Amino acid sequence: MVHLFRTSLGVMALAAASVGLGGGVQAANGPFLAHQALYDLSLVKSRSNSVNSARGRILYNFAGSACEGYTSEFRQVSELDSGEGKVTLSDLRSNSWEDAAGKSYRFKIETRMNETDAGRVDGSAERDGDHINVKLKLPAPKTFTLDGKIVFPTEQIQRIIAAAKDGKSLLELSVYDGSDDGQKVYNTLTVIGQPIPADRATASDPSTSDEHMKSLKRWPVTVSYFDRDAQKKDGEQTPVYAMAFELYENGVSRQLVLDYNDFVISGAMGKFDVKDSKPCN
């Protein structure tokens with residue numbers, strides 16, 4: 001994946017993918033909601049005055065079951081205007097599958113910047129005892145191992161919801177999602193706020209008005225992502241980016257806020273549709 005910091009939408013796409021890849025999942029003791037969600041992106045603020053405007057959309061589809069695993073399809077198209085006619089157009093497409101136990105993970109990610117040739121990542125990861133075996137086809141054939149304590153995106157969301165239900169306010173996890181060149185691992189710190197009751201008044205969007213969602217509580221969550229390799233070398237550091245959102249107990253996310261240090265993007269839910277799902281036999 002193209003990974004350009006500060007004024008690039010490559011980082012924006014990466015953060016949105018992290019939401020998208022795990023966004024349809026709940027802790028293993030409840031039903032997972034198959035759904036499609038559309039988010040409209042806009043600029044909240046630019047701290048360095050390097051970004052004049054930003055706009056775009058995220059389209060996310062989630063399906064599957066505990067028997068057959070969970071499939072996510074994700075696309076984000078974004079436009080960032082840094083002034084003086086400098087516009088960056090980013091198009092990210094991602095498909096992934098993860099089994100319910102978090103043992104197997106397959107992913108394909110394609111990133112296109114300003115209509116240039118796409119950067120592609122294609123690979124799989126298998127958990128084997130105390131380590132994870134990763135096999136990449138693209139951008140170049142390669143195999144390597146990761147620490148078995150690292151989690152995949154679906155399990156990351158499972159762990160966050162489980163921690164929220166247990167009343168915990170902090171959760172540290174190392175996450176592998178296949179982003180960048182397929183070799184990046186992020187250390188994450190999740191801060192979980194007090195639960196928001198289902199009957200609390202809130203700014204309306206298609207999720208809050210859906211019959212499947214009205215009885216569910218949710219939590220305000222902020223996840224900060226740190227470069228694992230840089231953290232080993234430099235110790236304390238600022239996050240590469242952070243995401244804030246309200247996370248329902250069935251895994252649906254609303255009111256996204258993506259913070260890239262220099263600028264902040266919001267993602268308002270513009271459309272939400274619940275999809276039919278096949279229960280396990």
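Are Lys-184 and Asp-227 buried or exposed? Lys-184 is buried, and Asp-227 is buried as well. This is a predicted model. The two residues form a salt bridge, with their closest N and O atoms 2.8 Å apart. Lys-184 sits in the loop between strand E9 (170-175) and strand E10 (186-192), while Asp-227 belongs to strand E11 (residues 218-227), so this pair ties together parts that are 43 residues apart in sequence.

Other salt bridges follow. The count for the model comes to 14. One network is built from shared partners: salt bridges join Arg-75, Asp-91 and Arg-93. Within it, the side chains of Arg-93 and Asp-91 meet at 3.6 Å, N to O. Asp-91 counts as buried because its relative accessibility is 15%, under the 20% cut-off. Arg-93 has 39% relative accessibility, so Arg-93 counts as partly exposed.

Strand E1 (residues 35-46) pairs with E2 in the antiparallel sense, over eight bridges. Tyr-39 has Ile-58 of E2 as its bridge partner. E1 and E2 form a hairpin with six residues between the strands. In that hairpin, Asn-49 takes a positive phi near 60°.

E2 also pairs with E3. These strands run antiparallel too, joined by 13 bridges. Three residues lie between them in their hairpin. Ala-63 stands opposite Thr-71 in E3.

Arg-55 pairs with Glu-79, and the closest N and O atoms are 3.1 Å apart. Arg-55 lies in strand E2 (residues 53-65) and Glu-79 in strand E3 (residues 69-81), so the bridge ties together parts that are 24 residues apart in sequence. What is the accessibility of Arg-55? Its value is 55%, so Arg-55 counts as exposed. Glu-79 counts as partly exposed because its relative accessibility is 27%.

Finally, look at the nonpolar side chains. The largest nonpolar core has 58 residues. Which residues have the most contacts inside this core? They are Val-134, Leu-146, Ile-160 and Tyr-176. Leaving aside neighbours within four places in sequence, Leu-146 is in contact with His-131, Ile-132, Val-134, Tyr-176 and Val-185.

Technical notes: Residues numbered from 1 in each chain as written. Predicted model: local features only at pLDDT ≥ 70, side-chain atom pairs only at ≥ 80, totals over all residues. Heavy atoms only, no water. Salt bridge = Lys/Arg side-chain N within 4 Å of Asp/Glu carboxyl O. Helix = DSSP H or I, 4+ residues; strand = E, 2+ residues; numbered from the N terminus. Buried < 20%, exposed > 50% of the residue type's maximum accessible area, 1.4 Å probe, protein only. Core = buried A, V, L, I, M, F, W, Y, C linked by side-chain atoms within 4.5 Å. Contact = heavy atoms within 4.5 Å. Pairing = 2+ DSSP bridges.
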